[in-house]
Amino acid sequence: MTNADVARVFREIADLLEIGGDSGFRINSYRRVARTIGDLPNEVADIAARGELGKLPGVGKASAEKIATLLETGRLSLREELGKKVPESLLELLGIPGMGPKKVALLYHERGIESLDALSRAIASNQLDGMKGFGAKSIAAMREGIEFLKRSAGRTRIGAAWPTAELLRACVAEMPGVQRVEHAGSLRRGRETVGDLDLLCVGADGRGIVQCFTEYPGVSRVLASGGTKGSVLVGLGQGREIQVDLRVVPAESFGAAWQYFTGSKEHNVRLRERAVKRGWTLNEYALSEADGGKVIASKTEEEIYAALDLPWIVPELREDRGELDLREPIDDLLTLEDIRGELHMHTTASDGKHTIEQMVQAARERGYKYVCITDHSQSSVIANGLKPSRLLRHIEAVRKVGSESRGMKVWVGAEVDILADGSLDYEDELLAQLDFVVASVHFGMGKDIEHNTQRTIAAIRSPYVNVIAHPTGRLINKRDAMPIDIEAIAKEAARTGTALEINASSYRLDLRDQHARVARDLGATLCINCDAHHREHFKQMRFGVQTARRAWLRKQDVLNTRGAAEVAEFVRAKRP
DNA sequence: GCCGTTTTCGGCCCGACTGTTTTCAGTCG
């Protein structure tokens with residue numbers, strides 16, 4: 001059983017308990033366990049084998065036993081009993097916006113509705129008419145909700161959501177009476193996917209601004225529209241939609257509101273607990289004395305954190321992953337401005353869209369000090385990988401561009417396939433002619449964790465390999481990460497002086513945040529690359545940097561924050 | 001079910017919007 005499997009079982013238990021009307025606190029603890037396991041960078045089975053399940057946050061004696069049973073037998077009696085009490089297909093009904101456990105239970109007990117299809121049929125044949133709590137508007141909302149569920153494929157890649165978010169922010173900024181507007185939610189925290197978009201604005205006439213917002217031309221449906229809050233659906237293209245929430249607050253509440261709507265939910269719960277312990281209460285308007293007492297802080301996030309004896313915590317860290325235990329802010333947390341070059345990109349020599357000159361020019365326009373051209377190796381046939389003879393000519397071509405490049409170092413490298421047995425797609429004699437080598441797996445990812453790990457470690461041990469690119473091969477929302485032992489890989493990378501990539505493409509973001517954090521903790525150097533196949537792809541660096549910040553990476557942890565001479569020294573130190 | 005600077009029991013974060021049960025429960029974030 002993978003971590004995701006264990007997490008799913010705990011989530012399903014929580015959902016089923018909720019439909020059954022169990023204690024909210026008990027339900028929450030199952031959700032907490034699901035989240036803890038789902039977030040783990042390493043295998044929960046290894047933690048179980050060491051007898052350390054109870055050390056995980058939110059995992060007590062009862063949950064530890066359930067996890068162990070699940071890992072040993074693949075089954076859990078509580079889960080199976082709950083599945084017998086009510087049909088499992090009820091879980092899919094919870095996905096309908098506006099539909100919660102109480103309504104699902106009511107539909108099941110009073111009308112025997114067990115699935116999305118059954119609900120669609122019941123609505124179509126007016127079977128819900130006269131049901132208590134289900135008026136005409138509720139039924140219409142359910143019908144549209146089912147349609148939305150079919151159109152939306154869950155969470156959206158941050159790269160797909162970002163342009164729409166920026167457009168909406170600019171649009172709200174132009175509305176009459178709006179003084180300030182900012183992103184909040186998981187977009188601001190830089191998560192790899194977002195569930196919805198959150199905008200927060202300062203303005204006096206909330207109702208007027210919300211009204212104006214719901215009339216924006218891109219809005220396909222208005223979900224809610226009140227005096228301080230509006231929710232709408234906006235098209236993302238290709239028939240996909242995303243929910244966008246706008247909150248309007250007075251200027252004096254902006255800090256409290258921004259903190260509140262940035263989340264994460266878990267971070268906020270911890271923060272409010274901290275407030276309660278001091279006899280205060282924290283909401284989106286202010287940190288204040290309990291029972292409507294005087295306001296302690298509200299204007300800025302900094303004031304609120306300071307009142308709770310905390311440094312201001314950067315949004316990417318707000319995940320309840322230990323950031324509230326920090327006494328001091330992390331020095332030198334990586335920023336976009338720290339990035340001085342890119343070491344993984346493609347040209348028309350393999351499957352890129354631009355020539356060497358065009359890619360170099362695009363990097364120059366971003367202010368980079370160096371680039372490395374890394375086209376595909378011969379085994380990547382579909383990507384027009386280079387046979388050795390072509391590579392030799394390509395090396396000459398890149399060196400020529402480099403010799404004519406003023407103020408920016410141009411290196412020649414390759415993205416070399418790691419073959420099934422861990423060997424590389426070019427001979428050492430050829431690799432030795434390159435300035436820098438990126439190695440990666442492109443096929444045969446379906447193997448087990450032991451095989452994948454040894455395959456990657458074999459590549460790390462080559463004296464010519466400088467970066468392992470997209471180490472798990474995942475494609476967000478498309479292909480799962482291949483299982484790897486990140487601790488073993490990170491230790492070997494640290495020992496040999498090999499960097500591990502955070503691929504900044506929003507399709508990949510690989511290593512992901514939690515993996516990168518483990519890698520850094522074990523002493524490995526990270527390297528953030530856009531894997532650009534088009535000059536526009538350089539813009540994805542912001543997502544890679546946010547992922548790195550979520551991994552608590554500092555400037556010194558990242559290879560391409562260093563100068564060209566230091567990068568060259570990183571290579572030289574590993575060569576024979 | 002979890003947890004502890006109110007520590008082994010008794011708490012566990014907070015408010016907006018909607019529909020409709022006309023005083024509030026359900027859902028959401």
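Predicted model: local features only at pLDDT ≥ 70, side-chain atom pairs only at ≥ 80, totals over all residues.
**A sheet and its packing helices**

Biologist: How many bridges join E2 to strand E4?

Modeller: Residues are numbered from 1 along each chain as its sequence is written, chains are lettered from A and ligands numbered from 1 in the order in which they are written, and side-chain values use heavy atoms, leaving out hydrogens and water. Strands (E, at least two residues) and helices (H or I, at least four) are DSSP runs numbered from the N terminus, and two strands pair if DSSP finds at least two bridges between them. E2 and E4 (residues 196-203) run antiparallel, and the bridges joining them number six.

Biologist: Which residue in E4 is the bridge partner of Val178?

Modeller: Good one! The open sheet has the order E2-E4-E7-E6-E5, with mixed pairing. Strand E2 (178-184) stands at an edge with a single partner strand, so one side of E2 is left without a neighbour in the sheet. In E4, the partner of Val178 is Gly203.

Biologist: What angle does the direction of helix H13 make with that of E2?

Modeller: Axes are lines fitted to C-alpha atoms, for helices over the stretch in contact, and angles run from 0 to 180 degrees between N-to-C directions. Contact means heavy atoms within 4.5 Å. H13 (residues 254-262) packs on the sheet, touching E2, E4 and E7, and its direction makes with that of E2 an angle of about 25°.
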